[in-house]
Amino acid sequence: MSSDLLLSILIVNYNTSQYIVAALHSVCNQFDDSVEIIVVDDGSTDNSVSLIEDFASSNKSGIKILVIKQRNHGPGPGGARNVALNAASGKYIGFLDSDDYFLPGIANQTLPILRNQVYDITEFHFTQIIDFSGLEISQRRFYSFIGGYNTQEILPLVFANTAWYPWIR
């Protein structure tokens with residue numbers, strides 16, 4: 001991974017043409033060129049790929065946008081996320097679902113913490129909006145830093161608080 005880029009934001013897209021441009025705007029309108037966006041399209045059959053490519057080619061924010069297209073490889077976004085991880089060059093990795101967006105203020109909250117380079121992993125609260133019929137069910141309009149961890153601290157917590165049964169993997 002390159003030391004020039006601080007953060008790689010990974011987006012897996014599958015048939016989210018109605019949301020993907022808002023997701024991309026929410027990154028480009030807040031972050032600077034220390035961030036890259038990697039979008040892996042996992043075999044979409046709608047027009048989302050052309051929307052992503054149009055956005056990337058007209059992007060004036062200075063943020064590099066890499067678009068990777070692949071055939072759909074089965075249920076879930078895991079394989080596509082791995083492709084994005086392999087292409088990432090930032091010191092830190094962030095995930096954004098293609099049907100989600102970052103609210104204003106996330107860059108102001110996250111970048112200073114990442115630039116301090118104290119933690120291997122950071123955790124923030126998020127906003128949840130569930131909208132199946134236009135109804136907003138839940139919303140928290142803030143980002144707050146929960147905590148940071150180094151690898152030696154987090155691994156025991158992950159294994160102690162996660163169900164590692166073979167039938168759920």
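## Reading pockets, strands and cores

Mentor: Let's start with the second largest pocket, which 13 residues line; V12, N13, Y14, P77 and S98 lie nearest its centre. This is a predicted model, in which local features need pLDDT of at least 70 and side-chain atom pairs count only at pLDDT 80 or more, while totals for chains, interfaces and linings use all residues. Residues are numbered from 1 along each chain as its sequence is written, and side-chain values use heavy atoms, leaving out hydrogens and water.

Trainee: How is a pocket told from a cavity?

Mentor: Rolling a probe the size of a water molecule over the atoms shows where empty space is left. On a 1 Å grid over the protein atoms alone, a cavity is a set of points where a 1.4 Å probe fits but cannot get out; a pocket is an open set with protein on both sides within 12 Å along at least five of seven lines, and lining residues have an atom within 4 Å of a point. Volume is the space filled by probe spheres set on the points, which are joined across faces, edges and corners. Here, the second largest pocket has a volume of about 170 Å³.

Trainee: How do the residues of its lining divide into nonpolar, polar and charged?

Mentor: Ala, Val, Leu, Ile, Met, Phe, Trp, Tyr, Cys and Pro count as nonpolar, Asp, Glu, Lys and Arg as charged, and the others, Gly among them, as polar. For this pocket, the lining has three nonpolar, six polar and four charged residues.

Trainee: And which residues line the largest cavity?

Mentor: L10, I11, V12, R81, F95, L96 and D97 do. This cavity holds about 30 Å³ of space, and its lining has five nonpolar, no polar and two charged residues. Strand 1 contributes the most to that lining, with three residues.

Trainee: Why is strand 1 said to be largely enclosed?

Mentor: In a regular strand the side chains alternate between the two faces of the sheet. Strands (E, at least two residues) and helices (H or I, at least four) are DSSP runs, numbered from the N terminus. Buried means under 20% relative accessible area, exposed over 50%, and partly exposed in between (1.4 Å probe, protein chains only). Strand 1 has seven of its seven residues buried, so the rest of the structure largely encloses it. L7, I9, I11 and N13 are on one side, with S8, L10 and V12 on the other. Strand 4 (residues 92-95) has Y92 and G94 on a covered face, but I93 and F95 on an uncovered one.

Trainee: In which sense do strand 1 and strand 2 pair?

Mentor: Two strands pair if DSSP finds at least two bridges between them. Strands 1 and 2 are parallel, with seven bridges, and S8 stands opposite E36. Strand 1 also runs parallel to strand 4, joined by four bridges; L7 has Y92 as its bridge partner there.

Trainee: Which residues touch the most other members of the largest nonpolar core?

Mentor: A nonpolar core is a set of buried Ala, Val, Leu, Ile, Met, Phe, Trp, Tyr and Cys residues joined through side-chain atoms within 4.5 Å. Of the 24 residues in the largest one, I9, I11, L24, V27, F31 and I37 touch the most other members. Helix 1 gives the most to this core, with five residues.

Trainee: Which residues of helix 1 are buried?

Mentor: An α-helix has 3.6 residues a turn, so residues three or four places apart point the same way. In helix 1, the buried residues are I20, A23, L24, S26, V27 and C28.
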